[in-house]
Amino acid sequence: MKFPEIRKEVLARTVELYKAGLFTVTSGNLSMLDEESGLIVITPSSYPYMLMKEEDLVVITKDGEKIEGDLRPSSEWKLHAAIYKARPEIRGVVHTHSPYATSLAVKREPLPLILAEMQYAFGGSVPVAPFARPGSPEVGSGAVEALGEKKTAALMANHGVVTIGETLSKAVDRAYYVEDAAKVYTYVLSTGGTPTYFE
Ligand SMILES: [Zn+2]
């Protein structure tokens, strides 16, 4: 079996995000790039997280050719592959439907720069990628465009969130940070406050 260490990390972080409530039922997906081979280890499509084992993860090329695994890769593999192609420094991609951040994605509103940590974590505000049918190549191209050359998080209109990192760990951290920042922003608005921005 290829990439035992990567599989271990991908599975551990997947189960963690499920337990933390950022992944629900079978929604959300996560991948990590093997730098040397350029292959992607990704979660399988529509498979219960609590039953998932290391061998259930799927190894694909950036063009979607399956190299190893019995299950189908995540239906959003094109999103992951497009990001790895566009941003060569990226090693980990996380896609969630976490509710506070996704609420902003439903309103097609970016998450403005309201917290000091957002500058470091995401490179500033979090943009919104245009709506695209889930699983389509446009999900990937829209996210790549929204992320540009520097951003590490984007909302996906009427869908969810994508975070990326130079390590999988950083991409996972950012998935938590986006949800927290969206929660703070929502709370400020819902209590009649006026958020202050510094971008
Ligand atoms: Zn999704």
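**Ground rules.** I'm working from a predicted model, where local features need pLDDT of at least 70, side-chain atom pairs count only at pLDDT 80 or more, and totals for chains, interfaces and linings use all residues. Numbering starts from 1 along each chain as its sequence is written, and side-chain values use heavy atoms, with hydrogens and water left out.

**Zinc.** I looked up the donors (N, O and S atoms within 2.8 Å of the metal, or 3.2 Å for Na, K and Ca; water is not among the atoms, so sites may look incomplete). I found His95, His97 and His159, each through NE2, coordinating the zinc ion at 2.1 Å. Their spacing in sequence reads H-x1-H-x61-H. His95 sits in strand β5 (residues 92-96) and His159 in the loop between β7 (153-156) and β8 (160-165), so this pair ties together parts 64 residues apart in sequence. Strands here are DSSP runs (E, at least two residues), numbered from the N terminus.

**Burial.** I checked both for burial, meaning under 20% relative accessible area with a 1.4 Å probe, protein chains only. His95 is buried at 1%, and His159 is buried at 11%.

**Strand β1.** Next I followed β5 to its partner; strands pair if DSSP finds at least two bridges between them. β5 pairs antiparallel with β1 over four bridges, and Met32 stands opposite Gly92. On β2 (residues 40-42), Met32 has Val41 as its bridge partner. β1 and β2 make a hairpin with six residues between them, and Gly38 in the turn has a positive phi of about 75°. I noted that five of the five residues in β1 (29-33) are buried: Asn29, Ser31 and Leu33 point one way, Leu30 and Met32 the other.

How values were computed:
Buried means under 20% relative accessible area, exposed over 50%, partly exposed in between (1.4 Å probe, protein chains only).
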